[in-house]
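Student: I'm new to this structure. Could you take me through it one question at a time?

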Amino acid sequence: MRSRKPVSLRPLTIAFLLALTLVVSACGQTGSTPGVKSGSTGEPTVAPESIVQETSQAPSQDTRKPREPTGLASDRRPAAGDVLSVTFLDVGQGSSALIQLPNRGNVLIDGGPREGGPERVADLQRLGVDRLDAVVISHADEDHAGGLIDVISSEPVSAVYDSGYPHTTRTYSDLLDAVESSGARYVETRTGEIISLDPEVSMEFIYPDELGEGTNESSLALRLDYGRFAAQFVGDLGFEEEENLLASGRVSPVTLLEVGHHGSATSSSSEFLSALSPEIGVIQVGRENPYGHPAQEALSRLAAAGIKVYRTD
């Protein structure tokens, strides 16, 4: 087992069961919780018996060289003890991530497959979520959007962000019906749209400028900044869209990357990983899935970039 002790001013901790949880206290840096197996080779993680979310009191001085600022609009540091958490739910072959803000706002990105919708509702209840301030549909494919039908039908939701790509599946049609019935504000989203829920947290969509040729190519890419911590969510974007992002100048270093398209061979180019330079990559993937995700080519690029990889299988 390879791990490193959390030595930063405000550590990030990791645990597994139904979810992989990253808890960032104020200007969070990274470290691994003992007993959690990880590695840049993408080896599967080992789950303890329950979800654990821990934070530490900030020590009197920083013991690690600080990261460069990652683009938060304000340079003021959040107060010690303020906590932002990112929880990657284990949905099998699919994606779902919950962001819980310091001011107790909740943002859900995707909901995994439709058949797992009731489990997503239960997951949110276990995590203490009784409302969602924002739901992000990264794209309309069933393994990302399907589980949101039950979630939106069960939890109060303030706003839903979606590219609006005209997907013709029954699942997507039912999802739009659920959004309409919920009374949530529907936001057809493009580059520059901002989710403004907490003055200390910046959440901005950096893709797409316009719809692509398919659902994957139209995935919403959301960047989150909190002090010196930053995370990038990219849905199922592939090489071509990564190139577009690099050319746009909107890609800059982050702490955490949601690895694109479940670690497919045609996502996470070396150039894209170099520009983002994440410390941690999370691959949301189902065990023994029929697509061969994550692909060895992607794992090799992640390893070559020195990124510590965690997986939900």
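Student: How many bridges link E7 and strand E8?

Tutor: Keep in mind that this is a predicted model. Strand E8 covers residues 185-188, and E7 pairs with E8 in the parallel sense. Within this pairing, aspartate 162 stands opposite glutamate 188. The number of bridges between E7 and E8 is 4.

Student: Which residue in E7 is the bridge partner of isoleucine 137?

Tutor: Look at strand E6, residues 134-137, which pairs with E7 in the parallel sense over 3 bridges. In E7, the bridge partner of isoleucine 137 is aspartate 162.

Student: How many of the 7 residues of strand E3 are buried?

Tutor: Strand E3 spans residues 83-89 and is largely enclosed by the rest of the structure.

Student: In E4, which residue is the bridge partner of threonine 87?

Tutor: Strand E4, residues 97-100, pairs with E3 in the antiparallel sense over 4 bridges. In E4, the partner of threonine 87 is leucine 98.

Student: Which side chain does the side chain of arginine 311 join in a polar contact of 2.7 Å?

Tutor: Arginine 311 is found in strand E14, residues 308-311. Its relative accessible area is 10%, so arginine 311 counts as buried. The polar contact of 2.7 Å joins its side chain to that of aspartate 313.

Student: What is omega for the cis peptide bond that joins tyrosine 207 and proline 208?

Tutor: Most peptide bonds are trans. Proline 208 has its place in the loop between strand E9 (201-207) and strand E10 (221-226). For the cis bond from tyrosine 207 to proline 208, omega is about 5 degrees.

Student: Where does proline 294 lie?

Tutor: The peptide bond from histidine 293 to proline 294 is cis, with omega near -5 degrees. Proline 294 lies in the loop between strand E13 (280-283) and helix H7 (296-304).

Student: Is histidine 261 buried or exposed?

Tutor: Histidine 261 is found in the loop between strand E12 (256-258) and helix H6 (270-276). It has a positive phi of about 50 degrees although it is not a glycine. At 17% relative accessibility, under the 20% cut-off, histidine 261 counts as buried.

Student: What does serine 277 count as at 40% relative accessibility?

Tutor: Serine 277 lies in the loop between H6 and E13. Its phi is near 50 degrees, a positive value in a residue other than glycine. Buried means under 20% and exposed over 50%, so at 40% serine 277 counts as partly exposed.

Student: Which residues that line the second largest pocket are the closest to its centre?

Tutor: About 200 Å³ of space lies in the second largest pocket. Of the 13 residues that line it, the closest to the centre are Gln93, Glu142, Asp143, His262 and Tyr291.

Student: How many charged residues does the lining of the second largest pocket have?

Tutor: Sort the lining by class: there are 3 nonpolar and 5 polar residues. The number of charged residues in this lining is 5.

Definitions and conventions:
Residues are numbered from 1 along each chain as its sequence is written. This is a predicted model: local features need pLDDT of at least 70, side-chain atom pairs count only at pLDDT 80 or more; totals for chains, interfaces and linings use all residues. Side-chain values use heavy atoms; hydrogens and water are left out. On a 1 Å grid over the protein atoms alone, a cavity is a set of points where a 1.4 Å probe fits but cannot get out, and a pocket is an open set with protein on both sides within 12 Å along at least five of seven lines; lining residues have an atom within 4 Å of a point. Grid points are joined across faces, edges and corners, and a volume is the space filled by probe spheres set on the points. Ala, Val, Leu, Ile, Met, Phe, Trp, Tyr, Cys and Pro count as nonpolar, Asp, Glu, Lys and Arg as charged, and the others, Gly among them, as polar. Two strands pair if DSSP finds at least two bridges between them. Helices (H or I, at least four residues) and strands (E, at least two) are DSSP runs, numbered from the N terminus. Buried means under 20% relative accessible area, exposed over 50%, partly exposed in between (1.4 Å probe, protein chains only). A polar contact is a pair of N or O atoms within 3.5 Å; within protein, one must be able to donate a hydrogen and the other to accept it, and residues adjacent in sequence count only if both atoms are side-chain atoms.
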